[in-house]
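Good morning, everyone, and thank you for giving me a few minutes. Please look at the sequence and the structure together while I talk, and keep both in view.

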Amino acid sequence: MTVGSAPGVTSLPAPTLPAGAPNLVLTGLMGTGKTTVGRLAARSLARPFLDLDAAIASRAGCDLPAIFASEGEAGFRERERRVVADAARLSGVVIATGGGAPLDRDGFAALATTGTVAALTATADELARRLGDGAGRPLLAGQDPAARVGELLAARADAYAAFGAAVDTTGRTPAAVASLLAGRTGPAGPTRLRLVTADGTTHVIIGDGAIGSTDLRAALGGVTLAVVVSDAAVAETHATGVVAALRDAGIEPVGPVVVPAGEDAKRVEILTSLWDAFRAGGLDPSGAVIAVGGGATLDVAGFAAATYARGVALVNVPTTVLAMADAAVGGKVAIDHAGAKNLVGAFHPARLVIADTATCASLPGSARREGLAEIVKAGLLASPLVLDLVADAPLAWSVEQSLRVKIAYVAADPRDRGVRRALNLGHTYAHAIESASDHAIPHGAAVAMGLVAAARLGASLGTCPPDLAARIATVLRRIGLPASPPALDEGRLAAAIGADKKRAGGASRFVVPAADGAALVSGVDPRDALAMLGA
Ligand SMILES: NC(=O)c1ccc[n+]([C@@H]2O[C@H](COP(=O)([O-])OP(=O)(O)OC[C@H]3O[C@@H](n4cnc5c(N)ncnc54)[C@H](O)[C@@H]3O)[C@@H](O)[C@H]2O)c1
């Protein structure tokens, strides 16, 4: 298949991402210690560390001297330009760039605006001593290291000075430089994001301990009574913490009102019992509903808030990775009906979302991993570099990347009629896998498999590189998620894709990764599409 022969390929370009936590960008000549210092600073700031030279080598499948040998410096710089652009779509990362990266002033400026830049430096003598014979450094190959370092320092001084204060590392240990930089960056508090649509503004707070550190009185200005809704699994723990925080803020708490755990809560009987509890608790349009739990709790409590008294303010406190990364933001609330998921619902955006990642500590490992599948999906829409980081990154960072993507797409298309469909990346496959396995394969695992299949489909259509599927599979395996399904009945898979097709108005549609985000593919022969699952 090629793009030319597939007129059903529609681009779903990624909108501009909102700023998140600032990046700390380290640059400077070889030998200044960018990588060692960056790694140490990242550790003390509890942030992921990204070495752009290592990312270039990993993408190329060979080391930098081999890239210089086969493509010359120009080929390397082109690769570097692309990876710097991808890094500029990340937030909250400590990034070490190659020493020549600031020479591309425009490209580096885009990265510099995402945070602060520290240009590490040292005297020519010290650098020559640290670099020794220059082995493995293509720019020193065949030259006297001391003389060449002097030349490079002079040639690049302006470029480094353009982007940030120089930090002299002469006579300092990497640990001392790292602690200087970490001290300047300050402790990592919760990250704040904001989603603005015609339906209202959602303030989002992300971080370990965010429930306790949020000023609820300020965030819920004017609210004097709030009903807390949660499921039994978190009622005694996280919901009780929310009740205490409300009391401390001078807001009268009611509840927790407990709903059944999981999908069983998304029924009309639970909805009516919530309306009853709201009435008994004295909730009126000046009050708020605070939903504490997984996506199912948020969906039913949100729908109750959307409909009670023609709509009261909603606060979401997600306690699963999936609910933090996806369900809590975006305005969709719903219950299931007549065997159909989310058949009856509304758009009712939360006024405030507190994604306290510490609440996920009580989740079983499988639920945590399953949620990460949605974060890998969001990463594919944000920047390919998320794949390099997500398996080892702190959860709060991963949730932040996911929510930046979700916020960008929802802001661009609040009612899910256009570009927001990119968020269904891999999901046509996932729904078919869940259905054909009688839901023995859970949603997150099915999304993981669906992402790999979607990348294979995209590669066959020329929308994404041929090696992307393998790179996604490697990351999924590191997380502990499956990359391909067990043998499933082809007829049932095809029937499930057919059911999706009916819902989509007659054409089976797949969202696949693309260079600028994602693309919507329609009119693919179901047999071609299904072949991607087993390839
Ligand atoms: N509205 C949206 O935009 C949206 C988006 C994605 C998914 N969803 C919905 O979200 C639901 C799935 O969400 P989910 O994966 O969070 O599952 P879930 O809400 O069913 O929760 C899964 C289980 O985890 C338990 N749990 C929750 N938090 C816990 C914690 N911190 N510690 C221990 N146990 C905990 C729950 O009691 C439940 O048994 C589906 O109903 C789906 O339709 C909605």
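When I speak of helices and strands, I mean DSSP runs, numbered from the N terminus, where a helix is H or I over at least four residues and a strand is E over at least two. What we have here is a predicted model, in which local features need a pLDDT of at least 70 and side-chain atom pairs count only at pLDDT 80 or more, while totals for chains, interfaces and linings use all residues. Residues are numbered from 1 along each chain as its sequence is written, and side-chain values use heavy atoms, with hydrogens and water left out.

Let me begin with confidence, which the predictor gives for each residue as pLDDT, from 0 to 100. The protein has an average pLDDT of 91, and 95% of the residues reach at least 70. Over residues 1–7, however, the pLDDT is below 50, and beyond near neighbours in sequence this stretch makes eleven contacts in the model, a contact being heavy atoms within 4.5 Å. Where pLDDT is low, the predicted coordinates should not be read in detail.

Now to the backbone. Ala338, in the loop between β13 (332–337) and β14, has a positive phi of about 50° although it is not a glycine. Gly255 and Pro256 are joined by a cis peptide bond with an omega of about 10°, and Pro256 belongs to strand β10, residues 252–259.

Next, the ligand. Which residues come nearest to the ligand? Of the 24 around it, they are Asp231, Glu263, Gly295, Thr319 and Thr320, where being near means that a heavy atom of the residue lies within 4 Å. A ligand nitrogen atom is 2.9 Å from a polar backbone atom of Lys332, and a nitrogen atom of the ligand is 3.0 Å from one of Thr359. The elements giving two or more residues to the shell around the ligand are α10 (232–248), α12 (295–307), α13 (321–327) and β14 (340–347).

Finally, the structure holds 21 salt bridges, each a side-chain nitrogen of Lys or Arg within 4 Å of a carboxyl oxygen of Asp or Glu. One of them pairs Arg415 with Asp199, with the closest N and O atoms 2.9 Å apart. Because Arg415 lies in the loop between α16 (395–412) and α17 (427–436), and Asp199 in the loop between β7 (191–197) and β8 (200–207), the pair ties together parts that are 216 residues apart in sequence.

Notes
A polar contact is a pair of N or O atoms within 3.5 Å; within protein, one must be able to donate a hydrogen and the other to accept it, and residues adjacent in sequence count only if both atoms are side-chain atoms.
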